Amino acid sequence: MATRKNQAATRSDGDAGRDKVPRTERGRRTLRKLLDASATEFGEKGFHEASVSSITRRAGVALGTFYTYFDSKDALFRALVLDLSDNVRTSARSALSEEMTQLEIEEAALAAFLRFAREHKEIYRIIDEAEFVDPQSYRTHYETIAGRIEDRLARGVEAGVYRDDVGELEAWAIMGMNVFVGLRYVVWGEGDKPAPSAETVAKGVNRLLAKGIAARGA
């Protein structure tokens, strides 16, 4: 699938340290600290105002240590976008089980994403900035997510749950819907009122997937 090829190209194209993968547990912990600190820094300040020195201070590591893992701030940003994509995938997978129907899988995957986004609201600013800071990472992020949804839809088609013509278009439409309900109900919230739970939002979207919006008999 083209999405996997694009992802592979991004991974191998100097995405920050894939040629500097830590070999020890201590090194992996340091890398994790840098990625977590950069998520906070980029999320708060944006790419251009963020600095390597501030990121290393947040991470509690020496400035020189940064260059053991990354060649530049740009390289770190690319690695962070990939890391966030991986974390979204992991959170979704952890919410799924073999006993679920195809529609239940979509609901659970969305609820997992909304819970992740609620804990990591900076993901929206970082991914949005990627469109201008590193357009290939931005495109790969969404192509990869859409590809995963398309794979799930294909399994639903094979099982007879979805129409035979459901495919890429529907996958991108579902992804767009998921992204924007997350923006509305997770990032923006309800002001001073309690926001609906991730499960409630996911259930509403799932109802739309299952029944559409046309009135009965329309």
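## Close-up views of a predicted model

**Figure 1. Helices α2 and α7 pack at an angle of about 75°.** Their axes lie 8 Å apart. Helix α7 covers residues 122-133. The angle makes α2 roughly perpendicular to α7, because angles of 65 to 115 degrees count as roughly perpendicular. The model shown here, as in every view, is predicted. On the α2 side, the contact residues are A39, F42, G43, E44 and K45. They meet E122, R125, I126 and E129 in α7. Which classes of residue make up this contact of α2 with α7? Five are charged, three are nonpolar and one is polar.

**Figure 2. Helices α5 and α6 cross at roughly 130°.** Helix α5 spans residues 73-94, and helix α6 spans residues 102-119. Their axes come within 8 Å. The two helices are therefore oblique to each other. The crossing of α5 past α6 is right-handed. From α5, the contact takes in L84, N87, V88, S91 and A92. From α6 come A109, A112, F113 and F116. By class, this contact of α5 with α6 has seven nonpolar residues, two polar ones and no charged ones.

**Figure 3. Helices α9 and α10 pack at an angle of about 150°.** Helix α9 runs over residues 168-188, and helix α10 over residues 198-211. Their axes are 11 Å apart. Are the two helices roughly parallel or roughly antiparallel to each other? They are roughly antiparallel, because the angle is over 145 degrees. Helix α9 passes α10 in a right-handed crossing. I174, M177, N178, V181 and Y185 of α9 take part in the contact. Their partners in α10 are V201, V205, L208 and L209. This contact of α9 with α10 has eight nonpolar residues, one polar residue and no charged residues.

**Figure 4. Aromatic rings pair up in this model, with a count of seven aromatic pairs.** Another pair is F66 with F70. Here the centres are 5.6 Å apart and the planes are at 40°, so the pair is tilted. F66 and F70 are buried as well. Which residues form one aromatic cluster? F42, F47 and F77 do.

**Figure 5. Helix α3 has several buried residues.** They are V52, S54, I55, T56 and A59. What covers these buried residues? The cover includes α2, α4 (63-69) and α5. After α3 comes G60. Its phi is positive, near 75°.

**Figure 6. T56 sits in helix α3, residues 52-59.** T56 is buried, with a relative accessible area of 3%. The cut-off for buried is under 20%. Which residues does T56 touch, if those up to four places away in sequence are not counted? T56 touches L34, V61, A62, L63 and F66. One of these, F66, is itself buried.

**Figure 7. S54 also lies in helix α3.** Is S54 buried or exposed? S54 is buried, with a relative accessible area of 7%. Leaving aside neighbours within four places in sequence, S54 is in contact with E41 and K45.

**Figure 8. A75 has its place in helix α5.** A75 counts as buried, at 3% relative accessibility. How far apart are A75 and G191? In sequence, they are 116 residues apart. In space, they are 36 Å apart, C-alpha to C-alpha.

Methods:
Residues are numbered from 1 along each chain as its sequence is written. This is a predicted model: local features need pLDDT of at least 70, side-chain atom pairs count only at pLDDT 80 or more; totals for chains, interfaces and linings use all residues. Side-chain values use heavy atoms; hydrogens and water are left out. Axes are lines fitted to C-alpha atoms, for helices over the stretch in contact, and angles run from 0 to 180 degrees between N-to-C directions. Helices (H or I, at least four residues) and strands (E, at least two) are DSSP runs, numbered from the N terminus. Angles under 35 degrees count as roughly parallel, over 145 as roughly antiparallel, 65 to 115 as roughly perpendicular and the rest as oblique. A crossing is left-handed if the near helix is turned anticlockwise from the far one by less than a right angle, and right-handed if clockwise. Contact means heavy atoms within 4.5 Å. Ala, Val, Leu, Ile, Met, Phe, Trp, Tyr, Cys and Pro count as nonpolar, Asp, Glu, Lys and Arg as charged, and the others, Gly among them, as polar. Rings of Phe, Tyr and Trp (its six-membered ring) pair if their centres lie within 6.5 Å; planes under 30 degrees apart count as stacked, over 60 as edge-to-face and the rest as tilted. Buried means under 20% relative accessible area, exposed over 50%, partly exposed in between (1.4 Å probe, protein chains only).
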